[in-house]
Each structure stands twice: as C-alpha cells, then as structure tokens.
Amino acid sequence: MVDQLTQAYADYLQGSYDCPDRIVLTAYHRLASSAGGFRYWWRRLYGSDENLDKTHLIRLSGRFHRRVKAYADKHQIPVLEGPLAERKHDVAEQYKPQDPAFVGLFLVIISRASGVVWDVKRTSDGRVHSLTRHYRSINHIFFHLIDPEWGHITIRISSHPPFAAMVILNGHEYLARQAHQAGRTLELTSNCFSDIMTAADLTWLAETSWELPTKGQLGQVCQRWLGSCLHFALPEPERLRSGFEYRYSLFQVEYSRNLLFQRPAQMEQVFEALIDRTRSRLDLQQIMTIFGRKRRPHFKGKSKGRRLRLERNLERPAYNLTIFRLHFAPLTLKLYTKGEAVLRAEVMLHNARAWSGPRRLDQFPELINQFQQILERFLNQLAALDQAFVADDTLDTLGQRGQVGSTPTAGLDLNQPRLRAVLQAVLALAITPGGFSVSQLAQQVRDLLGWPESQYQPRHAAYDLKKLRGKNWVHKIGSARRYQVETSALKIMAALLTLREKVIKPVLASVTKPKSEPNPQPQTDLDLQYGKVQTEMRALLLILGVAV
C-alpha cells in the first residue's frame, strides 16, 4: 500500500516502511473480575473465604513486594521506588545492559498508579456482606526485561489481587531483532531506522515490516515472562490450585509509516510546507472520513454525553520539533519528524475499551489493516490538498568553496557580470566537438562583454573555469587541455541565467517602479510565457506584502 504522498516525493526518499510501534496488552484473570468470581477464586486458593478481609488482602500485597525485593537483592538487580522525574522507559534505558546477548530482568521500578482494590464488608456474625471493587492509588511493580525476540519489554503488575497486568512491547525493537537474526546491519536510533542503508537493506526492511507479529507471537512473549513475574505474588502451586490464568486483549496500539529522506533539509521543506498549507484546509467532515467515521459516535451508560475531542492542532514542544495532530475520540493521527531525516505518520489507539473496532488479541492483524487504511487516507488527503515545493542545495552551495584535486577553488557569485558571461560562454561552447579550450572560452567571454584582449586573457579564463570544475560542472577530457560540460550542469547553468535575467530581474525592478512601457509587439510564445511567470511572481509578492 503506497500512498500518493510517498509517490509524490519518491525521488527524494531512500525508501519507506511501515511498522507497529508501541503495543500494550492487558492481562487479566477473568474469573476474579466480578465479585462472585473473586470470592470463588479466593475459596479455591485458601479453601474457604473466612480469611477474606482487608488484612489478608494487604498481606498478600506485602508478600509480593518482599519477594520481588529479595530476588532483586540476591541477583543485584536495581530497584527504584517512588515517583520518577523522567518517563519510566527513559529511566530504564539508562540501566539497559550493554551485552547484546543478555536476556532476562535488569530493572524493577515500584510506582503508584490507579488500580483495582476489593473492599470486603462482613456482618456482625462474620459472614461476607458485600464485596465491592474500587479504583485507588496503589503500588504497581514494573519489570523491565530483555526478550530475545522483542528486545526491551515492560511488564506492569498491580500489587493487589487479582494482579491485573500490562505487557508493553515495541514493534521497532522487534524489527531490529529480526534484522540482527537475518544478518542485517540496521541500527535503531531514536526508535527509528534513520541511517543510510543499502538498497538490499531497504528492500528487506520494507518487505519484512509487512510481516506483522501474529497472535501466537504476542501470546508467547506474554507467557514467556508474565508467569515468571507473577510467581512472586502467586507461586505455581497456588496458581494451579486456584485456577489462576491470564487472558489477553489489546489496550493501546501505535502504527507508523516512516519516510526516509535522503537529505534532512528536503524533509524539513516537505514537512513545514505540508502543515502550513494543509492544516487550515482540513475540515471536520474530512477528518471524520479519514478516521472512517461519518458521524460522531454516541456513548451509552455512564459515558453518555461525554464530548469527543475532535480537533486539529500544531505543537512545537521542543526546538526544531513540530507535531501535527488530529484527534478523534480514542484515535490520534500524528505527523512529525523523527531523527535527522525521517518523516513519520502515526495513528494511535489510546484506549481500546472506547474503540468500537477489533480489540481481541486474535484480531490484531485486522486492527493493523484498519490503521493502514487510515494512514493511507490521511496521506492521500494531504497530497491532494497541496504538494510542497522541494529544492536541493544547489542554490545554497553556489557561493561555497569547491575543490579540484587538492586545490580549493572559489565559489560562484552570479552578481558578477564576468561570471555570468563565463556561464553564457560555456553554454555556447558546450556543443563544440571534442570539447573547448581555455583560449576559446576567453575569446567567447570578450565577445559577450565587449572587452579588449588585454582585459580578459586565457589565464583569467582558466581561473574562472576552475571554479566550475570545483562544482563538478566541467571536467577535463583525458590528458588534453580541453574541457567538456556535464549534462546536468548545462540544465543548472541555463536555469540560473534564465531565472535571473527573465524573471527575477524584471520582477524586482517592478516592485518599486510602476510599469510604464508596454510590451513590445509582436511577442513570441516564449515572451508570453516569461510574461506569465513575471505576472504570477508579482502577484505572489503582493500577497506577501513585498510589492506595493
């Protein structure tokens, strides 16, 4: 699935690839999710519910903490407690083992967050009167591990029964591990593949990124580690006796399309032009179409009447970072730069419980397919609204120094009449069979400027010609002292001279001076085209407030 925006800028891209990014799975024991089921599970665990009270629930939580800390002390694993100034994932990256072959637990973080707590009330004769579930701020234990297939994963488990858990994975980590196993040298930097890659690596990346992790792979990584982490709260005999078993569902999913530009400057031009020219033209009806919703969904029950966050905004949270967001209920579309030369379009599902689409673990491929369609509609819409003008660095590097062999050469200044005459002379001599000599160039320049021979000699022409050779516009033919012009350089020189003489110069003159003389008659088709360009340029300057 190649969108129109990717096709429009294909000449400026190394390539592109799609990849699931952040994947968050919820793990829960279905039986203990209701009051009756929790009481039945407790009876299977302890034989009766006589000890089902607040004290024993807290003791079970405390045993979980003590066992985790004892294991961490024994194996010299850092344990961090309390609120952290940074994101937990960023903190964990600082403790990540440097050994690429490391597998297992390397950091434990204990932090407070909202979680489920069961409140037990008994009658005067000791019978359970009510069992209610509340959300309170309780401790959660974050296990940071290295998996052989998924790299850095995080398992978060509530310290209170029934020990609800979350498994946090990263699709880019998974793809990096797949590349390493395939013998590829793809380096993951800032959660993207931004380094210059070979054509074979790019092809492999684009093809492999479509092979999404299956339900079996997602379930396997959960079973591989979640049982070991839960062992601190419920040892295996207690799990078997009580029938405790986790089930999994999708909670958060991020899916991205990454455009790898050849030059960072071109990426900035594309991105800034896109957001400046298109964000004001995206109306709410178009946003609903992009998200696949033709009307605002309604909520039932307690959520009835809640307002949807349907908006588009532009954020600049850090220097040289711009984020274009589209919000629609539980979904968010983002367009932002990642790394030095990666433009990322990303769709995020914040909470699958508020999402009417697929959310079961076996529906993961179906959900990703919907995200691909949303991204394609979004990028096609941007391409249809406007296409940015992308320029290379030819104009910016004209004045910079060049080099011929080990000899540095001066830059090019088009404001000098002598240099413009040299370019015109080179264009005239480019068709000379067998190339042209320095003497021929000097003669051509003198004819153009009307200078005597003493004012512009072959040594002057050799100096100017060396500037063009420093830009790789002209090269020497073998050992002979004759020169030939590169085909691409002919286009550049002709364009520079035409724009200056036929467009920029007359338009600049008309900015402050009103046009008094009519156009000469009759005009050729070429003159008419120049006139159209000049008129449009004057209209553009008038809109920008430059022309009066």
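Biologist: Is arginine 418 buried, partly exposed or exposed?

Modeller: Relative accessible area decides the class: buried means under 20%, exposed over 50%, and partly exposed in between, with a 1.4 Å probe and protein chains only. Arginine 418 has 24% relative accessibility, so it counts as partly exposed. Please note that this is a predicted model, in which local features need pLDDT of at least 70 and side-chain atom pairs count only at pLDDT 80 or more, while totals for chains, interfaces and linings use all residues. Residues are numbered from 1 along each chain as its sequence is written, and side-chain values use heavy atoms, with hydrogens and water left out.

Biologist: With which residue does arginine 418 form a salt bridge?

Modeller: A salt bridge is a side-chain nitrogen of Lys or Arg within 4 Å of a carboxyl oxygen of Asp or Glu. The partner of arginine 418 is aspartate 464, and their closest N and O atoms are 2.9 Å apart. This pair links distant parts of the chain, 46 residues apart: arginine 418 belongs to helix H12 (residues 417-429) and aspartate 464 to helix H14 (residues 458-470). Aspartate 464 is buried, because its relative accessibility is 2%.

Biologist: How many helices and strands does the chain have?

Modeller: Both are DSSP runs numbered from the N terminus: helices (H or I) need at least four residues and strands (E) at least two. Here there are 16 helices and 15 strands.

Biologist: How many salt bridges does the structure hold?

Modeller: There are 18 salt bridges. One of them joins the side chains of aspartate 49 and arginine 39, at 2.6 Å from N to O. Aspartate 49 lies in the loop between helix H2 (35-46) and helix H3 (54-74), and arginine 39 in helix H2, so the pair ties together parts that are 10 residues apart in sequence. Aspartate 49 is buried at 12% relative accessible area, whereas arginine 39 is partly exposed at 26%.

Biologist: Which residues are linked in a network of salt bridges?

Modeller: The network consists of Arg420, Arg500, Glu501 and Lys505. Within this group, the side chains of glutamate 501 and arginine 500 meet at 2.9 Å, N to O.

Biologist: Which residues is threonine 6 in contact with, leaving aside its neighbours within four places in sequence?

Modeller: Contact means heavy atoms within 4.5 Å. Apart from those neighbours, threonine 6 touches Leu13, Ser16, Arg257 and Leu259. Threonine 6 lies in helix H1 (residues 4-8) and is buried, with a relative accessible area of 7%.

Biologist: What share of the 548 residues in the chain is buried?

Modeller: Buried residues make up 44% of them.
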